[in-house]
Amino acid sequence: MRIRWILLVLMSLAATAAAASHVLAQYQYQREVDVAPPDEDIGGGYVTPEVQRPAPRAAWWDVVDMAALLVALGLSAWLVLQRRSRNWLIALTVICLVYFGFYREGCVCPIGAIQNVSVALTDPGYAIPLVVIVFFLLPLVLALLFGRVFCGGVCPLGGIQELVLLRPVEVPRRLDGVLGLFRYVYLGLAIWFATRPPVDRDFVICRFDPFVGMFRLAGPADIMIFGGALLILAVFIGRPYCRYLCPYGALLSIFSRVSWRGVTITPDKELDCGLCAEACPYGAIEDMRAKTSGCLFCARCYNWCPRGVVKQEAVKAITTGSSDEAKASA
Ligand code: SF4
Ligand code: SF4
C-alpha cells in the first residue's frame with residue numbers, strides 16, 4: 001500500500017515535469033543582451049569590470065534545483081500524509097532552508113516567480129527560463145493533489161518562521177481572516193507592478209522579500225529590520241508572513257481548496273475530542289478537521305492526537321515484539 005502511494009506521488013511528479021517541459025519548450029532561455037560597450041569602443045585602456053558581465057548561471061544548476069524541488073516536494077508529502085512524522089519533516093525543513101535559502105540564496109523561488117510568469121504571459125518579448133516555470137508550477141500541482149506540501153517542509157521562507165515559533169499565541173479567528181486578505185491584495189499589486197511597461201516594471205515581491213537579505217547575509221537595512229521584526233513576531237504568531245503577506249500562499253490556498261486529499265488528523269478514524277485544534281498554531285482546524293486552504297502541512301496536530309500516539313506506540317511495540325496489549329490497541 002505504502003509503495004503504491006509513493007509510486008503514485010513520484011509518477012504524478014514525473015508526469016507533471018515532463019508535461020511542463022514539453023509545453024514550455026517553446027520558451028528558449030536567452031542570455032540578456034550585454035549592454036555594456038566593449039572595452040575597445042571605450043578606449044583609453046578601459047577594462048569593463050567583471051560585475052557588468054555576470055557569468056550565466058550554469059545550466060546544470062537549474063537541473064539540480066529542479067530535481068531538488070521535485071524530491072523535496074515528494075518527501076514533504078510522504079512525511080506528512082503517510083509517515084505522519086513531524087520530526088522528519090523538521091529535518092527536511094532544515095535541509096531545504098540550508099539549500100534553497102542560505103546556499104542558493106533564496107533564488108529561484110516560486111513566490112518571486114509569480115512576477116516572471118506574469119510578465120511572460122503579457123510580454124511576448126520576455127524570455128522566461130524553464131527553471132522558473134517549473135518552480136512556479138510544481139508546488140501548485142502538488143497543492144491540487146495534496147494541499148500545501150511546499151509550505152510544509154520545502155519553502156525556506158516558511159521554514160525559517162516555522163523554526164522560531166516557540167510560544168504560539170492564538171489569533172482571533174475574525175482578525176486572522178481579515179489579515180489574511182492582505183495576501184490577495186499583495187498578489188494583485190505584485191502582478192500589476194510586474195506587468196507595467198518595461199521602463200516602469202517593478203518586481204516588488206523580490207524587492208520587499210523580508211528574508212532574502214538574511215539568506216544572502218546582506219541587504220538594505222530597512223528590509224533586514226522588517227525581516228527581523230517578522231521573525232520576532234513569528235516566535236509568538238505562527239508564520240505571520242505566510243498567513244498575512246505571502247502572495248504565493250494566496251495562490252496555494254486557492255489551489256488546495258480543491259485538493260484531492262489532505263491532512264487527516266487521526267490516523268484511521270475521527271475521534272472528535274478536539275485536542276488537535278489547540279495544537280494548530282495557524283488556526284487551520286475548524287470543526288475538528290484540517291482546512292486544506294489554511295493547513296500549512298506542519299504535522300503538529302498528529303502529536304496531539306491521542307489515537308495517533310497510541311497507534312505509534314503500538315506499532316513500535318509490535319515491531320520490537322514487546323507487548324501483546326500493544327498489538328490489540330493498534
Ligand atoms: S505561504 Fe508563502 S512563504 Fe509561507 S511557506 Fe507557503 S510559499 Fe512559503
Ligand atoms: S492542521 Fe494545523 S497543526 Fe495540523 S498539519 Fe495543518 S497547519 Fe499543522
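## Aromatic pairs

The structure holds eleven aromatic pairs. Rings of Phe, Tyr and Trp (its six-membered ring) pair if their centres lie within 6.5 Å; planes under 30 degrees apart are stacked, over 60 edge-to-face, and the rest tilted. Trp60 and Trp61 are stacked, at 4.8 Å centre to centre and with 20° between the planes. Trp60 is exposed, with a relative accessible area of 53%. Exposed means over 50% relative accessible area, buried under 20%, and partly exposed in between (1.4 Å probe, protein chains only).

Phe150 and Tyr248 pair edge-to-face, with 6.2 Å centre to centre and 85° between the planes. This pair links distant parts of the chain: Phe150 lies in helix H7 (residues 149–153), Tyr248 in helix H15 (residues 247–256), 98 residues apart. Helices are DSSP runs (H or I, at least four residues), numbered from the N terminus. Phe150 is buried at 4% relative accessible area. Tyr248 is buried too, at 1%.

## How the model is read

This is a predicted model: local features need pLDDT of at least 70, side-chain atom pairs count only at pLDDT 80 or more, and totals for chains, interfaces and linings use all residues. Residues are numbered from 1 along each chain as its sequence is written, chains are lettered from A and ligands numbered from 1 in the order in which they are written, and side-chain values use heavy atoms, leaving out hydrogens and water.

## A ring cluster and two charges

Ring pairs join Trp60, Trp61, Tyr99, Phe100, Tyr103 and Phe135 into a cluster. Arg104 lies over the face of Trp61, 4.1 Å from the ring centre. The charged end of Arg84 sits over the ring of Tyr302, 3.9 Å from its centre. A charge sits over a ring if NZ of Lys or CZ of Arg is within 6 Å of the ring centre and within 35 degrees of the ring normal.

## The nonpolar core

The largest nonpolar core has 74 residues. Such a core is a set of buried Ala, Val, Leu, Ile, Met, Phe, Trp, Tyr and Cys residues joined through side-chain atoms within 4.5 Å. Helix H6 (residues 130–145) gives the largest share, ten residues. Ile111, Phe211, Tyr248 and Val263 have the most contacts inside this core. Contact means heavy atoms within 4.5 Å. Not counting residues up to four places away in sequence, Ile111 touches Cys155, Leu157, Ile205, Tyr241, Cys246, Pro247 and Tyr248.

Methods:
Helix = DSSP H or I, 4+ residues; strand = E, 2+ residues; numbered from the N terminus.
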